[in-house]
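This report describes selected features of a structure and the terms in which they are expressed. The sequence and the model are shown below.

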Amino acid sequence: MKVRVHVSLKPGVLDPQGRAVHHALEGLGFGGVSDVRVGRSIELDVADATSDAQLKEMCEKLLANTVIENYRIERVA
Amino acid sequence: MSWRAAVITFPGSNCDRDMAVALERVSGAAPIRVWHGDADLPDRLDFIALPGGFSYGDYLRSGAMAAVSPIMRAVAAAAGRGVPVLGVCNGFQVLTEARLLPGALLRNAGQNFICRDVRLRVETTQSLFIAGYESGQEIAIPVAHHDGNYFADESTLDRLEGEGRVALRYLDECNGSRRDIAGVLNEAGNVLGMMPHPERAIDPAHGGTDGLALFQGALGALVGA
């Protein structure tokens, strides 16, 4: 089973990378972009029997730092 | 007097030798070198140091992989027993990722890697790590980091300040750190994480010796100088 974990900085946590990308987009002439936040997507291939609780534990113990990041688990197929 | 100190080396650590030199300089005894894959620490340790560097190539997040390496279970257990643990730079990142210290270290606000001497104020002397300094003392120690922007939520920051756990503060804006925090203590005061490198300021040839008092103070507090 494929699982995708989306990790993003919590609202209010400064994202210097996102800000730099935002400036670069403006430099390329793309207007109308009000904000950019850079996150991370992690794809896992796991046993079909893997439970939601196990996936949550993987996220909280390693894949995301919940002090600064939110995560969302998506079962792909 | 001497002590039994250990320096942990992770794959990608690069300040472990400097840390060992500093620990030997003040005590005359070479610290025990411990590899990240070891499950156990040597017995009867007086001091544990987590050095700077780029453990595991900063994969995932700085310090995240090292925080779950086998030796960190033993480090956490030792910290829980009261053994002093010092984490410098990447070592600080590892300690926050391992939840031995609150908060997190984000990418520097200005995006740039910062490598220069910074002025710091010693904010508390309620810890053996700063026994060699006076409260309010201003010191200069180099930083060298990309992810040193200390973050914690407001209530955590208030608690840290109220409990005297902000150990060191940047005197000038450095990397975007909340409340200019450069180093924090755990609740018991036996775990210190700091971004500046005291081990790089122990010899006149380094351009300054303000880091020496950290190691001397800790040694004196632990075993009597």
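B:D172 and B:R119 form a salt bridge, with their closest N and O atoms 3.2 Å apart; the term denotes a side-chain nitrogen of Lys or Arg within 4 Å of a carboxyl oxygen of Asp or Glu. B:D172 belongs to the loop between β9 (166-170) and β10 (181-185) of chain B, and B:R119 to strand β6 (residues 114-122) of chain B, so the pair ties together parts that are 53 residues apart in sequence. Helices (H or I, at least four residues) and strands (E, at least two) are DSSP runs, numbered from the N terminus. B:D172 is partly exposed at 39% relative accessibility, and B:R119 is partly exposed at 42%. In this scheme, buried means under 20% relative accessible area, exposed over 50%, and partly exposed in between (1.4 Å probe, protein chains only).

The model is predicted: local features need pLDDT of at least 70, side-chain atom pairs count only at pLDDT 80 or more, and totals for chains, interfaces and linings use all residues. Residues are numbered from 1 along each chain as its sequence is written, chains are lettered from A and ligands numbered from 1 in the order in which they are written, and side-chain values use heavy atoms, with hydrogens and water left out.

Over all chains, the count comes to 21 salt bridges. Three of these pairs are listed here.

| Salt bridge | Closest N to O distance |
|---|---|
| B:D172 and B:R119 | 3.2 Å |
| B:E123 and B:R121 | 2.9 Å |
| A:E69 and B:R61 | 3.6 Å |

B:E123 is partly exposed, with a relative accessible area of 24%, and B:R121 is partly exposed at 28%. Both residues are part of a network of salt bridges that also links B:E154, B:D158, B:E161, B:R169, B:R178 and B:R179.

What joins chain B to chain A? One salt bridge is counted between the two chains, and the side chains that meet in it are those of B:R61 and A:E69. A:E69 and B:R61 are both buried. The contact (heavy atoms within 4.5 Å) takes 17 residues from chain B and 20 residues from chain A. The two chains bury about 1,400 Å² between them, 59% of it on carbon and sulfur atoms; buried area is the accessible area (1.4 Å probe) that two parts lose on being put together, summed over both. Of the area that chain B buries against chain A, 37% comes from B:L60, B:R61 and B:R99, more than from any other three residues.

B:R99 follows α4(B) and has a positive phi, near 65°. Eight of the eight residues of helix α4 (residues 90-97) of chain B are buried, so this helix is largely enclosed by the rest of the structure. One of its residues is B:N90, which is buried at 0% relative accessibility. Not counting residues up to four places away in sequence, B:N90 touches several residues, among them B:P51, B:F54, B:D58 and B:S62.

The structure holds zero disulfides over all chains, a disulfide being a pair of cysteine sulfur atoms within 2.5 Å. For B:C115, the nearest cysteine sulfur is that of B:C89, 9.7 Å away. B:C115 is exposed, with a relative accessible area of 56%, whereas A:C59 is buried at 1%.
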